Amino acid sequence: MLEVRGLQARYGAIEALRGIDLDVKAGEIVTLIGANGAGKSTLLMTLCGQPRASGGSVRFEGREITRLPTFEIMRLGIAQSPEGRRVFPRMTVLENLKLGAIVADPAHYAADLDRVLTLFPRLAERRDQRGGTLSGGEQQMLAIGRALMSRPRLLLLDEPSLGLAPLLVKQIFATVREINENEGVTVFLVEQNAFHALRLAHRGYVMVNGRITLSGPGSELLANPEVRSAYLEGA
Amino acid sequence: MSPLHAVRDAAIAAFVALAVALPIVGVRTVDTGAVLGVDFRLDWVAAIVATVFLGRLCVLLWMGRRERAPRQAGMLETTALGWLALIGRFLAYGIMGFALILPMMSFADRYVVDTATQVLIYVMLGWGLNVVVGLAGLLDLGYVAFYAVGAYSYALLAQNFGLNFWQCLPLAGLFAAFFGILLGFPVLRLRGDYLAIVTLGFGEMIRIILNNWASFTGGPNGLTSIPRPSFFGLEFSRSAPEGEQTFHQFFGLEYSTLHRLVFMYYLILILAFLTSWAVGRMRKLPVGRAWEALREDEIACQSLGINRTMTKLTAFAIGASFGGFAGSFFATRQGFISPESFTFIESATILAIVVLGGMGSQVGVVLAATVLVLLPEVFRDLAHYRMMVFGLAMVLIMIWRPKGFIGARVPSIRLADFRRPAA
């Protein structure tokens, strides 16, 4: 579904991605783990065209999307729940969700809203509350729900566990699995919380300093001593 | 803020007042016949300093009291929003009804109708700018440029091609929208302060061009004898040209100059209603939703597939076109326009209306435009103190309502739109 080949990106003179190869197949949950500053978020943003790749290629469902402007990429069936959630603070939950569907076919709106509110009953309770007054966990649910409103085939999640209590992280990850299994949405998950991410994912990649250093099935990476010592000890 | 801090702060304010008042108010030259004498008015200075000290102290203590009682947010908000929307709607209908019957009231003489027309022009400009500043969150300090483009479009089209008001109105809107896009392109990547500076420059550029391109725009002399609009072909004059009728002849009325004023009033009222309706509709369309989303978070917008470039350009173009409509109305009402009417202070006034009303609120703009136009009128008797009262009123409003008259944003989706998910 998503093929990344030799992808490079830079911020000025600083190379953030140094040739990334990565695949996400339809129906999978794939996770990318790594330390702070490894380039995980940059990779996710580069997939969306911002910053633009300085080398390499990204193909989505066989189509070359490396040079497309961001808004066109986001209309192809890819949706992103951005890092730090970025819900619209002054708008209500319902308005946030409506905006998620802004490029989707309006005919699906009612059904999609039902679907998202069933996935996140909390959002149904808070539908008229402003995004900025929600708790962190609720904002994360809203960000994911908003992304789902465009009926994506590929969902990109950037650190959904950031700043959340352990119990909430579990809940969010359970919902991500539900989205993947029941709705057939492919998920590419960028996480620092390696333990939860690798348990959830079918496959995982480990990123260090802008390069992929390890890859394999989630359970295999979980058992890998290198991964254990770098990302899981003390967790 | 503790009382001690408040006293210290007030003392600083009083000192500044002293420094300003001593040379300006405290010393006065008097003509004693032969030589020019100097008169000291230290009692005045003392009064000013005391007023500033006490005023500042009251404001600080009052604000401190409010800070200690934070408003309850969250769960309560849902019901509060419902009420707010209800009150807003009630208020809106009340104002609309009043505006409709105003010229029929017994007190509606020339002065009242004329002032009400003035208020409506600013309401319309406020609503237009609200699209750019209130909804899309793009701080535009040069909005008067589009007002000017609209006014000059009408005047020039009417004089050079003999088009009438109704033919010119859409053209003026189009020209203004075109200038909006022209401004929009170079500022696509700018935000906040930087955007404000460029738009400020743009407004000045338009005014300076109008001032200097004398062969086309008449330069500082402006354009005169701009045709008045007619009522379905009926002129508002004492006597009609050969073979035509005037408004008062057709309806068998006694000729009165008030007829035209009332007609103008209803004309701008209709234009304002149309603006309000159009903006209200657009808020619920994808383009309007995208404007508001852009104001809230540009990055999130892009992640949802919103085209940032198009969204900004449409905001500039549509906001500008309303300015253009208002401009052509202004031209036909005055019958005379010159660059003098389109200075920065106009942009500032319109922006003040939007901010004072509460960013994005339509009813707020009406309230603020009314206050800003009427205040100087009401205090006309105070002669040269009236601008002081005006300034004082603005300061008080911003202390009392820091987010504007109507600071809370009314959601664009109601409860009724929501269907319960299948449990």
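## A sheet in chain A

In strand 5 of chain A, Arg63(A) is the bridge partner of Phe60(A). Helices (H or I, at least four residues) and strands (E, at least two) are DSSP runs, numbered from the N terminus. Strand 5 pairs with strand 4 (residues 55-60) of chain A in the antiparallel sense, over two bridges; two strands pair if DSSP finds at least two bridges between them. Strands of a sheet pair through backbone hydrogen bonds, either parallel or antiparallel.

Let's step back to the whole sheet. Four strands of chain A form an open sheet in the order 2-1-4-5, with antiparallel pairing. Strand 2 (14-24) and strand 5 (63-64) of chain A are at the edges and have a single partner strand each, so one side of each has no neighbour in the sheet. Helix 1 (residues 40-47) of chain A packs on this sheet and touches strand 1 (2-11), strand 2 and strand 4 of chain A, where contact means heavy atoms within 4.5 Å. The direction of helix 1 makes about 110° with that of strand 1 of chain A; axes are lines fitted to C-alpha atoms, for helices over the stretch in contact, and angles run from 0 to 180 degrees between N-to-C directions.

## How to read this model

This is a predicted model, in which local features need pLDDT of at least 70 and side-chain atom pairs count only at pLDDT 80 or more, while totals for chains, interfaces and linings use all residues. Residues are numbered from 1 along each chain as its sequence is written, chains are lettered from A and ligands numbered from 1 in the order in which they are written, and side-chain values use heavy atoms, with hydrogens and water left out.

## A hairpin in chain B

Now for chain B. Strand 1 (residues 27-31) and strand 2 (residues 36-40) of chain B pair in the antiparallel sense over five bridges. Within this pair, Val30(B) stands opposite Gly37(B) of strand 2. The two strands form a hairpin with four residues between them, and Gly33(B) in the turn has a positive phi of about 105°.

Helix 15 (residues 362-378) and helix 16 (residues 386-400) of chain B pack at an angle of about 145°, and their axes are 9 Å apart. Among the residues that meet are Leu372(B) and Leu375(B) in helix 15 and Phe390(B) and Ile397(B) in helix 16. The contact residues divide into eight nonpolar, no polar and two charged (Ala, Val, Leu, Ile, Met, Phe, Trp, Tyr, Cys and Pro count as nonpolar, Asp, Glu, Lys and Arg as charged, and the others, Gly among them, as polar).
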